[in-house]
Amino acid sequence: MAVASSLPHVLVTGGAGFIGSHTVLELVNQGYNVVVVDNLCNSCEEPLRRIQKLAGLPQPLPFHNIDLTDREGLRQVFQQHNITSVIHFAALKAVGESVHKPLMYYRNNITGTLNLVETMVEFGVKNIVFSSSATVYAADYDGNALRESNELGCTSPYGRTKLFMENIIKDVVDAEQGWNAIMLRYFNPTGAHESGTMGEDPQQIPNNLMPYISQVAIGKLEKVHVFGTDYNTRDGTGVRDYIHVMDLAEAHVVALKRLTNNNGYEIFNLGSGTGQTVLEMIAAMKEACGRDIPYVNDPRRAGDIDTILCDPTKASKELGFTVHRDLKQMCADLWRWQQNNPNGYS
Ligand code: NAD
Ligand code: WQD
């Protein structure tokens, strides 16, 4: 159980997860006091111990194993700590699973967010950075880079929960005095902390390309299944905009600082602005790990489109954020993490 403190704290929901843990490390390194809430449904406590070690913290990070759907549990966290702002990562995120278990996604993601925002209202906490996703954009079949002003439209229950969560927060900002909220719409996060001690730790066979490739590289999976080779792209495979998780982590701290500008409700894309095909990602990982990465061509995955690219102009101009880490570093860091931790955190 965490120790009470009157110092201002940033509450990080989902702080034991992939992007949350890297962001917590960045926050701590920049001098913030952090309290983590996570029910560990897709993570474990080990990344929090590794953050403590990497950041040289004398005490364990304040951590509460609480489900956001447990309103009373959440209230106790707000009672115990002087929370002044929130970064909200906690959500279920598997697109395919959400199609088969929509109610589980709506209950977890929407109820969790309602509880969080209601508790923030109750305790007068009015600053929030929210993990949104490029999945909220309507498909652009021409492959143009997506701007924040693009048409919205989701094709999965997961995507719809993200859009609803954005809207819940927007309505509260509009209705209540003094609220500041920044929606960060991530494109395709990958990579790992450069130390090789923190990274993504999928609990099942990975759904996403990069953790799948890295598990093939380490020999846990036999070969990569390339979903579709007849897309209208330079080599026929899907193009996506990959962003290093430490760039994302830094962007969250920049966004947190910006909340003090009192700009109300804002939205920013987080991506690099350049795209890579599936085959280019396989080649880049092959280069990083110096091993062959076998793959097989498979049919298209339902719901996928040719190209999803980020237009990062607004984040660059208004947030002052641009990515610093390139594809080579993403793959090198991902491989270091995978090699040092073949079984993830377990
Ligand atoms: P993750 O699963 O690693 O992290 C989410 C964390 O939230 C996990 O530790 C999980 O245990 C926790 N959690 C989930 N439901 C909870 C609940 N009800 N109460 C308390 N804790 C709960 O996922 P991630 O990749 O780190 O994603 C973080 C956020 O970023 C999510 O909101 C996701 O929708 C969003 N996002 C992720 C990606 C991506 O590709 N990884 C892309 C765009 C947006
Ligand atoms: C990338 C490319 C696949 C796996 C998803 C979510 C999105 C966001 C990010 C949360 C595509 C191809 C994949 C494989 C493959 N998450 N692929 N073999 O689909 O762009 O985005 O994660 O918000 O909402 O939809 O990412 O990594 O699954 O796929 O060939 O085993 O790799 O077809 O072209 P995606 P991804």
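The side chain of Asp333 makes a polar contact with the side chain of His244, at 2.8 Å. A polar contact here is a pair of N or O atoms within 3.5 Å; within protein, one must be able to donate a hydrogen and the other to accept it, and residues adjacent in sequence count only if both atoms are side-chain atoms. Asp333 sits in helix 11, residues 327–340. Helices (H or I, at least four residues) and strands (E, at least two) are DSSP runs, numbered from the N terminus. With 2% relative accessibility, Asp333 counts as buried; that word means under 20% relative accessible area, while exposed means over 50% and partly exposed is in between (1.4 Å probe, protein chains only).

Some ground rules before going on. This is a predicted model, where local features need pLDDT of at least 70 and side-chain atom pairs count only at pLDDT 80 or more, while totals for chains, interfaces and linings use all residues. Residues are numbered from 1 along each chain as its sequence is written, chains are lettered from A and ligands numbered from 1 in the order in which they are written, and side-chain values use heavy atoms, with hydrogens and water left out.

**Ligand 1**

What surrounds ligand 1? There are 27 residues around it, and Asp38, Asn42, Ser43, Tyr158 and Lys162 come nearest. (To be near a molecule or strand, a residue needs one of its heavy atoms within 4 Å of it.) By class, this shell has 14 nonpolar, 9 polar and 4 charged residues. For the bookkeeping, Ala, Val, Leu, Ile, Met, Phe, Trp, Tyr, Cys and Pro count as nonpolar, Asp, Glu, Lys and Arg as charged, and the others, Gly among them, as polar.

Helix 1 (18–29), strand 5 (127–133) and helix 6 (157–175) each supply at least two residues of the shell around ligand 1, and strand 5 gives the most, with 3 residues. Phe18 brings a backbone N or O atom to 2.8 Å from an oxygen atom of ligand 1, and a polar backbone atom of Asn39 is 3.1 Å from a nitrogen atom of that ligand. Tyr158 uses its side chain instead, with an N or O atom 2.6 Å from an oxygen atom of ligand 1. On its own, ligand 1 has 810 Å² of accessible area, and the protein covers 95% of that. Accessible areas come from the Shrake-Rupley method with a 1.4 Å probe; for residues, only the protein chains shown count as cover.

Strand 5 also has a strand partner: it pairs with strand 4 in the parallel sense over 3 bridges. (Two strands pair if DSSP finds at least two bridges between them.) Val86 has Ile128 in strand 5 as its bridge partner. In strand 4 (residues 81–88), 6 of the 8 residues are buried, so this strand is largely enclosed by the rest of the structure.

**Ligand 2**

Ligand 2 has 18 residues around it, with Ser133, Tyr158, His225, Arg240 and Asp304 coming nearest. They divide into 8 nonpolar, 7 polar and 3 charged. Strand 9 (residues 224–227) gives the largest share of this shell, 3 residues. Here are some of the side-chain distances to ligand 2:

| Residue | Ligand 2 atom | Distance |
|---|---|---|
| Asn188 side chain | oxygen | 3.0 Å |
| Arg240 side chain | oxygen | 2.7 Å |
| Asp304 side chain | oxygen | 2.6 Å |

Taken alone, ligand 2 exposes 680 Å², and the protein buries 88% of that.

Thr233 is found in the loop between strand 9 and strand 10 (239–240). The Thr233 side chain reaches the backbone oxygen of Thr237 at 2.7 Å. Thr233 counts as buried, at 17% relative accessibility.

**An open sheet and the cysteines**

In what order do the 4 strands of the open sheet run? The order is 6-15-10-13, with mixed pairing. Strand 6 (145–146) and strand 13 (276–277) stand at the edges with a single partner strand each, so one side of each has no neighbour in the sheet. Strand 6 pairs with strand 15 (residues 307–310) in the parallel sense over 2 bridges, and Leu146 stands opposite Cys310 in strand 15.

How many disulfides are there? The count is 0, taking a disulfide as a pair of cysteine sulfur atoms within 2.5 Å. For Cys310, the nearest cysteine sulfur is that of Cys154, 17 Å away. Cys331 is in no disulfide either; the sulfur of Cys289, the nearest, is 8.8 Å away. Cys310 is buried at 1% relative accessibility, and Cys331 is buried with a relative accessible area of 1%.
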